[in-house]
Protein chains: 2
Amino acid sequence: VLSTILTIGDELLIGQIINTNQAFIGERLNSIGIDVLEMVTVGDDMTVILNAFRRAWDATEAVIVTGGLGPTHDDITKKAIAEFFGTELVSDPALRRHLETVMAKRGLPWTTAAEDQTLLPRGAATFPNPVGTAAGIRMSRDGKQMFVLPGVPYEMKEMIDQSVIPFLTPLAGGAAIAHRTLRTTGIPESFLAQQLGNLDEILQGSKLAFLPSAGAVRMRITVHAPSADEARTRADQVELRIRAKVGKHIYGTGEQELEDALGALLLERKLTIAVAESCTGGLVAHRLTNVSGSSGYFERGVVTYSNPSKTDLLGVPEGLITSHGAVSKEVATAMAEGIRRAARTDIGLSTTGIAGPTGGTPEKPVGLVYVGYADASGSLAMKFTFGEGRARVKERASQAAMELVRRKLLHL
Amino acid sequence: VLSTILTIGDELLIGQIINTNQAFIGERLNSIGIDVLEMVTVGDDMTVILNAFRRAWDATEAVIVTGGLGPTHDDITKKAIAEFFGTELVSDPALRRHLETVMAKRGLPWTTAAEDQTLLPRGAATFPNPVGTAAGIRMSRDGKQMFVLPGVPYEMKEMIDQSVIPFLTPLAGGAAIAHRTLRTTGIPESFLAQQLGNLDEILQGSKLAFLPSAGAVRMRITVHAPSADEARTRADQVELRIRAKVGKHIYGTGEQELEDALGALLLERKLTIAVAESCTGGLVAHRLTNVSGSSGYFERGVVTYSNPSKTDLLGVPEGLITSHGAVSKEVATAMAEGIRRAARTDIGLSTTGIAGPTGGTPEKPVGLVYVGYADASGSLAMKFTFGEGRARVKERASQAAMELVRRKLLHL
């Protein structure tokens, strides 16, 4: 099965938005063995959209369209579908009932914009949008399929995974590609490659891609095989050989974030944690609490941005800050001990550093961060230098802080 | 002048890489008044590439191609150009000399891969690659242009700015486009459209796009005019007419985030703020501290996830939590008052709610959030219902919390 991914929106053509939808859909189609012939992006222009529909429909069996399903005037995708399939837009009673319920729940009045959202091309099948109001549309003809989804990424993603991929999987005929993603942190890509050594021996015909981001490198294994079972088995074997070389750097697999891995570990060990943040400004707490069920181990966090707050909330002596500076091994350690004591948790974790762009000195440059850790057996602090870029320093420091806890718990 | 952006590479089709080149080039073309008709992405396949060349060349006057110029085996773009223009690849002496110098400087030996990089389609003009080895190629015929660049973003960007845009600017004939983005929060897209009323009157020939994301809608104005000055003036006028209708919902323009706008306001008024978060788990503090210079107004934050932490750190009476529940108007108000008192700041801000996916009840469903606010004149709490999705509830609640402060300060 061959496919086309068609994204619609003027904002994409003028480069106001980076098109992440394409890559997401491409990855998902690829995972079930459906090749993408082309990705095409066009603006909110009827003639151009119809032309793109025609080409995609002629050349491929599955056309995935995103964008232009919203309630405002520039959204003409639905009219284009009706025109392309030679039919008309009619109000769908089921969709109308659903939308009425949603609007009532949110206490919103019924508007013409809502009315427009109940319109569907005659003959269309719909599929649900679990996180928004615009339903997905599927048109079938001559054994070919066109799926139309909203362009808002978090709505689109849910709908691809819950409806489009399950629908297309049987049509793809069980072609077997297995992907496996191993997630590492605390080690640069080039060191990871070096520690892995001879890749041919490890991969034995499979493929490996390194995907770096701030403070993390994902390794993606891709295996092609005659059957799904065999692809999985071979991916297992490659994973084992990789783990034998660099296992301690791997905190998780697939979509697992470091906070998910750490959370599972804390829950399993029945340990509680509290966090005192300076330079990360709440990001460590935010990430830890992104995990559903984190109230089972996350007791509290404090963002002690001012020096008085470090003394008030953590009992860090004023003299310690004066003599060593707020960004120091000593203060990081005292912060971790202080939050552990105040929150009465098993673990206390702290960050203090210079996120920049201002505030750096030759001795303490932007990017300098100390992470402090305290538990019943004692406390320590680690020093990091993360370079420039406020957002990046915060991201990398939060990563380093959580990874320090993970390694302490696993004695790595 | 109409253009096509064509990006080539298997890694794009399988979603291994997010295509940022397209958006960069689109933005640059747009800035000199060249419209993009389509963005097309294809794999490293000769037939598909030739087909895409043909369509782009027939439909538009400028075709920008990136990808497939590198030294590896799957890079067939150059062969495709030769084939498309009915010519052959020949070694270019100037390119060869340049490459020999570069390789010698880096102490690298001459290889067949290097030899391949000296090949150009006969009749091609080249343009320099200041940061890499693969030169850019320009083919002209019948007044149309094809530019071919490497896909590596930092090489491509330099070459677009230093060669492609300067070449195309005179051809674009000095037409001018102005963009203006107005950022709103706290109002859904459909309500915004309704409050704007008759769009034709407001726009008078300009264009408006609504770009929604969690808890925010951006409105993008696009104006085409004969001169840059006139485009700017007309954008100003459209902005004024929009502000007259929905001004209070607009917190900023361009790339400004709500935390930037709020930070500027606090700094200007010389006001300090402290935050007590429950359901947002540190996200409000994280966003506020994403702003460089935020230590000038952000004193501290606490993430009081457990009930004891609400009592310890904020002095919220245990009895209040027992009688009303941690997620209540009363507790939100007490939290805001408590953090203001503890931190001795002008403003105290709080969030408490049910981020989900678990923990909801019929009376207090997932997505229910109270935002509390306290200043010298008193305190209050507002109730919100944000629907499902843990990350989304956190995002929307953080947005609502910051927006509440902005509106209080501006008496909106």
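Predicted model: local features only at pLDDT ≥ 70, side-chain atom pairs only at ≥ 80, totals over all residues.
Helix α2 of chain B covers residues 21-31 and helix α7 of chain B covers residues 153-171, and their axes come within 11 Å of each other, crossing at roughly 20°. With angles under 35 degrees counted as roughly parallel, that crossing makes α2(B) roughly parallel to α7(B). As for its hand, the α2(B) and α7(B) crossing is right-handed.

Further along chain B sits another helix pair, made up of α13 (residues 307-314) and α15 (residues 329-343), whose axes come within 9 Å and cross at roughly 40°. That angle makes α13(B) oblique to α15(B). From α13(B), the residues that take part are B:K310, B:L313 and B:L314, and they meet B:V331, B:A334, B:M335, B:G338, B:I339, B:R341 and B:A342 of α15(B). The class count for the contact of α13(B) with α15(B) is seven nonpolar, one polar and two charged residues.

On the α3(A) side, the contact is made by A:M46, A:I49, A:L50, A:F53, A:R54 and A:W57, while α4(A) brings in A:K79, A:A80, A:I81, A:E83 and A:F84. No polar residues turn up in the contact of α3(A) with α4(A), which divides into eight nonpolar and three charged ones.

Next comes the meeting of the two chains. Chain A puts 70 residues into the contact and chain B puts in 72. Between chain A and chain B, an area of about 5800 Å² is buried, and 54% of that comes from carbon and sulfur atoms. Salt bridges feature here too, with seven of them counted between chain A and chain B. Over all chains, the structure holds 39 salt bridges.

Two of the salt bridges can be described by name. In one, A:E38 pairs with B:R55, and the closest N and O atoms are 2.9 Å apart. Since A:E38 belongs to strand β2 (residues 35-42) of chain A and B:R55 to helix α3 (residues 46-59) of chain B, this pair joins two chains. In the other, the side chains of B:E38 and A:R55 come together in a salt bridge, at 2.8 Å from N to O.

Some details of the backbone are also worth a look. In chain A, the peptide bond running from A:G356 to A:P357 is cis, and its omega is near 0°. A:P357 is found in the loop between β15 (347-353) and β16 (368-375) of chain A. Chain B has a cis peptide bond joining B:G356 and B:P357, with omega about 0°. B:P357, for its part, lies in the loop between β15 (347-353) and β16 (368-375) of chain B. Another backbone feature belongs to A:D142, a residue other than glycine that has a positive phi, near 50°. A:D142 sits in the loop of chain A between β7 (136-141) and β8 (144-149).

Finally, there is B:R396, part of helix α16 (residues 390-410) of chain B. Leaving aside residues up to four places away in sequence, B:R396 touches B:A214, B:G215 and B:F386. B:R396 can also be placed relative to B:Y251: the two are 145 residues apart in sequence, and their C-alpha atoms are 15 Å apart in space.

Technical notes: Residues numbered from 1 in each chain as written. Chains lettered and ligands numbered in written order. Heavy atoms only, no water. Axes fitted to C-alpha atoms, helices over the stretch in contact; angles between N-to-C directions. Helix = DSSP H or I, 4+ residues; strand = E, 2+ residues; numbered from the N terminus. Parallel < 35°, antiparallel > 145°, perpendicular 65-115°, else oblique. Left-handed = near helix turned anticlockwise from the far one by under 90°. Contact = heavy atoms within 4.5 Å. Buried area = accessible area lost by both parts, 1.4 Å probe. Salt bridge = Lys/Arg side-chain N within 4 Å of Asp/Glu carboxyl O. Nonpolar A, V, L, I, M, F, W, Y, C, P; charged D, E, K, R; others polar.
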